[in-house]
Amino acid sequence: MTDQYYEDRLSKLSRLAALGHDPYGRRFEGVRANGEVRHHAERLGLEPGQIDDSAVVRVAGRIVLRREMGKLTFLAIRDSTGDMQIGISKSRVGEAGWAAAECFDLGDIIGIDGPLGRTKTNEITVWARSTTMLGKSLRPPPEKWHGLQDVDLRYRERYVDLFANPEVMQVFKARSRVIDAVRDYFRGEGFLEVETPMLQPIYGGAAARPFVTHHNSLDLDLYLRISPELYLKRLLVGGMERVFEINRNFRNEGISTLHNPEFTMMECYQAYADLTDMMRHVEGLTSKCIEVMGGGFKRRFKQIELEFAPPWPRRTYIELLRQHAGLDLKDSAAVADKARAHNIATKTADGADLDPAIVANRLFEATVEPHLVQPQFVTEYPAALCPLTRRKEDDPALALRFEAFAAGMELGNAYTELNDPAVQRQTLSAQVKGEGDETMRVMDADFLRALEYGMPPAGGLGVGMDRLVMLLTNSASIRDVILFPLQRPHGKD
């Protein structure tokens, strides 16, 4: 932005004030959405060139286009439902109104009162009888109103992105509908929506590094939660048999097109259920979201057509690793050799061997997950990866767990939950001693105490809401579906 543009807009702001207009407006009641007004105009059946002086409306929005034709000015104003053409004629608004309109710039937020009509070119138009400045823009909008193009700037200045790119507004409206649909689905299944702590004295429930903060009054280190799992299971102990939560998780890890350190997760837990019930819920909530969005079960994502119609295929972890990596999960030496061939570390920073299950899973992520394109469930993960999960009865080395995949990315994670306190103490103790993932080396004694009071057998499920919205809106990056994604500060490489 040059000083010239800024000074010119400041000058117009002063002129508006001198004309008796508040450049930043006040309450402006009775505004009708542009989309509603356009629909109303269609019902009136106006002919080209006709103005219906009895059809007076009040609209408001941001100026996105301005064309001057002598004593006639055409504007386009934009609200969240679309654009509306405004006609300002000097003969209709008078000298004072025309002087005020001459101070209007692209980006200004204005209100208009006037009748509906159509121009000779058949464009629905509100013909201004009066105009009201509601918010003077001192910064010019992007040069071309077909959109703010710089991707980094779009995320940093989402407030510009939303009004400059109408399709972005549609994505976030769709996100709201998806979250509403998920809520409706679980309420329809008899679940109770709850809220659990985001500040936790002990983090747990997932393999991730937490953000650490400090409570001054209690002189206590706390963690932003990486998962609500252990608190939701406490509610099962307390007798809340079907619970779900949609809220933020925080993981102090990398940023990519699939990862943001702050993200939205839906987690649910159902007493007397198992992972097969959780599969049904994944298919059910996805179907509900597609229903409210429209468009059917076949949906485009990037260059792929995804088929979301249930039932989704089920494949085991072992068979997929054999198919795409060409080895047996139980052959640790072969797994290590293949991992090294893919530049995957097999040792810790201090030279100790990594748990073979962790090495195998990193290999799985590299060699198998890119092939998991169509929506599907992957079952029977190595038990060492899943300290909170019940084991398979005929093979305790495998966990009763599945992950849902689509377009090569994980969409959800579910267990048949472990409710035996002795086994749970054993698996958590093994993690603390250094067995398994290094980010899960924590012991939650209160959670174990809760299990000792008795937790019913249960199924649990977590679904990444941001990724679900990505898939259903054909958005290539997670930052496209988060209003204010975390960005590196300006000037830092």
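Which residue does the side chain of N249 join in a polar contact of 3.2 Å? In this predicted model, the partner is R225, and the contact runs between the two side chains.

The protein chain contains 14 helices and 21 strands. Its C-alpha trace extends over about 85 × 50 × 50 Å along the principal axes. Of the 493 residues in the protein chain, 49% are buried. Contacts between residues at least 6 apart in sequence were also examined, and 67% of these join residues at least 24 apart.

N249 lies in strand β11, which covers residues 242-250. With a relative accessibility of 1%, N249 falls under the 20% limit and is therefore classed as buried. When residues up to four places away in sequence are set aside, N249 touches R225, I226, S227 and P228, together with P261, E262, F263 and M265.

A three-stranded open sheet is formed in the order β8-β10-β9, with antiparallel pairing. In general, the strands of a sheet pair through backbone hydrogen bonds, in either a parallel or an antiparallel sense. The pairing of β8 with strand β10 (residues 220-224) is antiparallel and comprises two bridges. Within this part of the sheet, Q200 is placed opposite Y223 of β10.

Helix packing is illustrated by α10 and α11. A pair of packed helices is described by the angle between the axes and by the distance separating them. Helix α10 (residues 332-341) and helix α11 (residues 356-367) pack at an angle of about 45°, and their axes are 9 Å apart. This angle makes α10 oblique to α11. The crossing of the two helices, α10 and α11, is left-handed. On the α10 side, the residues that meet α11 are S332, V335, A336, K338 and A339. Their counterparts in α11 are P356, V359, A360 and L363.

Conventions. Residues numbered from 1 in each chain as written. Predicted model: local features only at pLDDT ≥ 70, side-chain atom pairs only at ≥ 80, totals over all residues. Heavy atoms only, no water. Pairing = 2+ DSSP bridges. Helix = DSSP H or I, 4+ residues; strand = E, 2+ residues; numbered from the N terminus. Buried < 20%, exposed > 50% of the residue type's maximum accessible area, 1.4 Å probe, protein only. Polar contact = N/O pair within 3.5 Å; in protein donor to acceptor, adjacent residues only side chain to side chain. Contact = heavy atoms within 4.5 Å. Axes fitted to C-alpha atoms, helices over the stretch in contact; angles between N-to-C directions. Parallel < 35°, antiparallel > 145°, perpendicular 65-115°, else oblique. Left-handed = near helix turned anticlockwise from the far one by under 90°.
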